[in-house]
Amino acid sequence: MSKKFRIIPTVQFKNGSVVKSINYQNHRIVGDIASTIRVYSRRQADELVFYNLDTLDGSQINWATISSCVQNSNMPLTYGGGIRSVDVANTLIGSGFDKISFNTVLFEDPNIIYQTSKLIGSSSTVATVDLHFMEGRLCMFSNGGQRYQKEFKPMETIKLLEELGVGELVINCIDRDGLMNGYDFENIGTIPSIAKIPVLLSGGCSGVECIQEAYEHGFDGAMMSSIFLWQGDSIPSLKDALFEKVPIRRVVQ
Amino acid sequence: MSNIGIIDCGMGNLTSVRSAFDRIRYECDLIEDARDISDYKRLVLPGVGAFPSMMENLYRKGFSTEIIKHINSAKPFMGICLGMQVLFESSNEFKETQGLGVLKGEVQCLPHGANPVPNVGWWDLQGDYASFSPELSDADTFYFVHSYYCIPSKNYDTLSIDFNGTPVVAAIHENNIFAYQFHPEKSQVSGQKLLRSFAEAT
């Protein structure tokens, strides 16, 4: 009897379609939102993380998209993208998301994260930490990878997020995004031992071996999308291969 | 009107509770006015957020008295997550706060250790499933998102998880009360088994 390691598909949404990027650039259309969510629901993914990229240019959240995401899902859902007020965060929870994920607002008005955590609880308050390994070190980014936050150091920022009441971290490596060349354990592998809260990792998933390695490093779950799109993997195929190596949740009927 | 009412005290993820019942073809209504509670045979109290603000909302909107009345009349009642915790006598989340007190015991922060707090994710459960649903088996898993947990001071029928060496209550069945620390509405096929049992409970 134990806690299960989570296998979490990521869905990025832009201009009315589900998209997939490489290094957060050149977004390619890969499907529509309703059918994508339905497929992951049918395969009983452990959770799904939805990133709304339409808000990156300052646009408001499109509530029809939100509703289409929620209506077609039977999975625990996390929303990220353009949350700049406690009200919007609370409305997202009320409309069917279980967790909401902050990123850019940390660098603009961190008090919003603190107030949101107080209202909806820290267990529903997530932060996505976008990192880019360059010039020999990990650098922090915001605004969907468009802005370099030079004065912020990753490990100190993680402590700050915990103090603000964040209850879960997504550590994402922009320089691995879409490449399917493995998670960057060399640079981020120690984060679960530094953080007090659950840590998920994202960016570069290449399949079964690197998911197993993520579990061994103490991550709480692994996020991925490219391997489902380009490599023929599926939630059931990953779970069949991981069974007996990693405590994963088998799908029941 | 349906016979399942979901209490809307302005907090929490009501949409997913409602769609979970829809999916297994049981109708349910949201209850915004405490006076409507007596119209329903079955009540569900979901909850996301902090204990003090939920209790404040329950009192301010008059739900607390009506919930206790419903439970005392032996009609089926389901509390989910924070909706389970408020059934207890007190919690120390942020500050010592009184709960509804229909279950004996208190609510405290999860013990720290190898499993990080908050506890987020899927677990299988220990205990005797039979009084919760005849359909449950060892293969069933349930989705948790919480930082606090209930410590009963009385012997109830429970299911539990082993969290950092402490048995943490995941489910309680006491007469007409079903209380779940995890989210049956988010636990896919396993959760549907519990919702179905509740919808059919007499």
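**Reading a predicted two-chain model**

Me: How many helices and strands does chain A have, and how many are in chain B?

Reply: Chain A has 11 helices and 12 strands, while chain B holds five helices and 14 strands. Helices (H or I, at least four residues) and strands (E, at least two) are DSSP runs, numbered from the N terminus. This is a predicted model, in which local features need pLDDT of at least 70 and side-chain atom pairs count only at pLDDT 80 or more, whereas totals for chains, interfaces and linings use all residues. Residues are numbered from 1 along each chain as its sequence is written, and chains are lettered from A and ligands numbered from 1 in the order in which they are written.

Me: What does the radius of gyration say about chain A?

Reply: The radius is taken over C-alpha atoms, and the globule rule is 2.2 Å times the number of residues to the power 0.38. For the 253 residues of chain A, a compact globule would come out near 18 Å, and the value of 17 Å agrees with that. For chain B, with 202 residues, the rule gives a radius near 17 Å, and the chain's 16 Å agrees.

Me: Which residues touch the most other members of the largest nonpolar core?

Reply: A nonpolar core is a set of buried Ala, Val, Leu, Ile, Met, Phe, Trp, Tyr and Cys residues joined through C-beta atoms within 7 Å. In the largest one, with 134 residues, they are Leu169(A), Leu201(A) and Ala222(A). Strand E13 (residues 166–174) of chain B gives the most to this core, namely five residues. Leaving aside residues up to four places away in sequence, Leu201(A) touches residues including Ile171(A), Tyr183(A), Phe219(A) and Met223(A).

Me: How many residues of chain B are in contact with chain A?

Reply: Two residues are in contact if their C-beta atoms, placed from the backbone, lie within 7 Å. Here 30 residues of chain B are in contact with 31 residues of chain A. Among the elements of chain B that give two or more residues to this side are helix H1 (14–23), strand E12 (157–163) and helix H5 (188–200). By class, the side of chain B that touches chain A has 13 nonpolar, 12 polar and five charged residues, where Ala, Val, Leu, Ile, Met, Phe, Trp, Tyr, Cys and Pro count as nonpolar, Asp, Glu, Lys and Arg as charged, and the others as polar.

How values were computed:
A residue is buried if 20 or more other C-beta atoms lie within 10 Å of its own, exposed if 12 or fewer, and partly exposed in between; C-beta atoms are placed from the backbone.
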